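Please keep the sequence and the model in view while reading.

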Amino acid sequence: MRERMTAPLARLSAAMVVAVAMLVAAAAPAAAQDGAVEAGSLVVSEAWARASIMEGRPAAVFMKIENRGKTGDALVSATTSAAARAELHTHVETDGVMRMEEVPEIKVAAGGSVELKPGGYHVMLFDLPIKLKAGETFPLTVTFKSGMTTTVMVSVVDPKESRGKADEHDGHHGNGGGHNHD
Amino acid sequence: MRTIRLASWGLVGLAIVAIGLFFLFERPGGNGRGGNEVLRTATTGTAAIRADFSLVDHTGKRVTADDYKGRWLLVYFGFTYCPDICITSLNTMHDVMEKLGDTADRVQPMMISVDPERDTPEVMARYVNAFDKRIVGLTGTDDEIRHAARSFRAYYARRENREAPERYLVDHSGYLYLMAPDGSYRTVYSHSEPASKIAPDILRFIEKEKDA
């Protein structure tokens with residue numbers, strides 16, 4: 001039996017990881033500007049979240065993940081200084097009823113990509129100590145099944161400005177109101 | 001041989017009619033997918049859906065469906081703790097109102113909370129005002145909300161979180177309901193339909209019934 005890390009110690013080390021990541025992000029403005037970060041053969045880009053409408057409300061983070069490698073991988077966890085807890089969630093729609101569910105992982109096939117977007121996969125943030133404000137950014141550390149980990153800067157946008165992004169998603173459904181495309 | 005062939009064609013025909021009838025009665029306004037237990041119990045036919053409620057609006061005033069008679073209603077059931085779908089839907093509601101032009105005066109957009117514990121009138125005010133000042137936010141007691149949801153045949157269910165009770169979520173119908181000025185049902189729009197599709201459709205309904 002190995003000695004296990006006590007919870008406070010685990011939290012402390014997680015906080016240190018985030019702190020180091022923030023320093024790295026601050027020291028590399030070019031990477032932050034571009035938005036895309038790499039972890040091995042994985043590229044995480046276009047991370048965004050909507051500004052909080054009021055305090056005490058969860059937030060959803062969206063992003064693109066590309067796997068340029070030859071083996072499949074999966075996003076398995078996320079941590080951030082912006083929230084006490086981050087979970088991987090998806091939406092399950094059954095006859096118009098929307099249900100959010102936690103998922104253990106979000107797969108990224110070899111040579112493929114996955115988009116976390118409104119109405120689908122997202123990183124759900126709970127217990128935010130302060131509201132997310134439009135125009136700000138915050139770091140989110142994502143960890144993959146392979147052990148790869150990287151920190152991406154999440155851009156906070158006005159909830160109204162997120163319409164365009166949601167519309168991109170809607171575009172795939174636009175077929176004159178019929179819903180038999182699947 | 002011939003009788004068998006005729007009989008099998010007859011069965012095929014019967015099956016087609018049966019499938020047609022199934023979809024006719026199971027799908028509100030042709031949206032939704034049919035075949036799930038939840039909606040089958042929640043939807044008992046389009047004629048049964050109507051606006052019937054007594055709730056408190058986001059200014060703290062008691063309102064009933066009668067207070068909105070004479071206006072078209074665009075109704076969404078949601079909750080302010082919802083981080084994604086509700087925001088998308090309220091943005092859509094705002095965009096629809098923008099696209100309706102002058103006709104927007106005849107349409108009352110509203111969000112009915114399915115989370116009365118968190119959504120007080122004050123909370124609803126902050127939430128709906130963040131999207132569009134024309135949106136009315138309604139909330140009430142558990143019983144009042146249950147009654148309202150039933151009248152719309154809208155489904156919702158609170159899902160407890162054992163680990164962190166305060167983080168409970170609420171599953172809910174993702175539809176936008178279009179109700180006529182007399183409170184009767186016209187159609188529903190899925191949360192994934194963009195305002196550019198919904199607004200012209202609402203205008204068609206309003207135009208059509210002007211002549212009727």
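## A buried aspartate and its surroundings

B:Asp84 is located in the loop that connects strand E3 (72-78) to helix H3 (85-99) in chain B. Helices (H or I, at least four residues) and strands (E, at least two) are DSSP runs, numbered from the N terminus. The model is predicted: local features need pLDDT of at least 70 and side-chain atom pairs count only at pLDDT 80 or more, while totals for chains, interfaces and linings use all residues. Residues are numbered from 1 along each chain as its sequence is written, chains are lettered from A and ligands numbered from 1 in the order in which they are written, and side-chain values use heavy atoms, with hydrogens and water left out.

Is B:Asp84 buried or exposed? With a relative accessible area of 0%, B:Asp84 is buried. Buried means under 20% relative accessible area, exposed means over 50%, and partly exposed lies in between (1.4 Å probe, protein chains only).

Leaving aside residues up to four places away in sequence, B:Asp84 touches A:Arg50, A:Phe62, A:His91, A:Lys117, A:Pro118, A:Gly119, A:Gly120 and A:His122. Such a contact means heavy atoms within 4.5 Å. The side chain of B:Asp84 also takes part in polar contacts, including one of 3.2 Å with the side chain of A:Arg50 and one of 2.7 Å with the backbone nitrogen of A:Gly119. A polar contact is a pair of N or O atoms within 3.5 Å; within protein, one must be able to donate a hydrogen and the other to accept it, and residues adjacent in sequence count only if both atoms are side-chain atoms.

## Strand pairing in chain A

A:His122, which B:Asp84 touches, belongs to strand E9 (residues 122-126) of chain A. Five of the five residues of E9(A) are buried, so the strand is largely enclosed by the rest of the structure. A:His122, A:Met124 and A:Phe126 point one way from E9(A), whereas A:Val123 and A:Leu125 point the other way.

Two strands pair if DSSP finds at least two bridges between them.

| Strand | Partner | Bridges | Sense |
|---|---|---|---|
| E3(A), residues 59-67 | E9(A) | three bridges | antiparallel |
| E5(A), residues 85-94 | E9(A) | five bridges | antiparallel |
| E2(A), residues 42-50 | E11(A), residues 149-157 | three bridges | parallel |
| E10(A), residues 137-144 | E11(A) | seven bridges | antiparallel |

Within E9(A), A:Val123 stands opposite A:Val61 and is also the bridge partner of A:Leu88. A:Arg50, which makes a polar contact with B:Asp84, stands opposite A:Val157 in E11(A).

E10(A) and E11(A) form a hairpin with four residues between them, and A:Gly147 in the turn has a positive phi of about 100°. A:Thr143 has A:Thr149 of E11(A) as its bridge partner. A:Thr141 lies in strand E10 of chain A and counts as buried at 6% relative accessibility. The side chains of A:Thr141 and A:Thr151 are joined by a polar contact of 2.8 Å.

## Positive phi angles

Most residues other than glycine have a negative phi. A:Glu46, in strand E2 of chain A, has a positive phi of about 50° although it is not a glycine. A:Asp95 also has a positive phi, near 50°. A:Asp95 sits in the loop between E5 and strand E6 (97-102) of chain A, where it counts as buried at 6% relative accessibility.

## Cavities

How many cavities of 30 Å³ or more does the structure hold? There are six. On a 1 Å grid over the protein atoms alone, a cavity is a set of points where a 1.4 Å probe fits but cannot get out, and lining residues have an atom within 4 Å of a point. Grid points are joined across faces, edges and corners, and a volume is the space filled by probe spheres set on the points.

The largest cavity has a volume of about 140 Å³. Its lining consists of 15 residues, and those nearest its centre are A:Ala51, A:Ser52, A:Ile53, A:Pro58 and B:Ile87. E3(A) supplies the largest share of this lining, three residues.

## Chain B

Chain B has six helices and nine strands, and buried residues make up 53% of its 212 residues.

Terms used: 1 Å grid on protein atoms, 1.4 Å probe; cavity = no way out; pocket = protein on both sides within 12 Å on 5 of 7 lines; lining within 4 Å.
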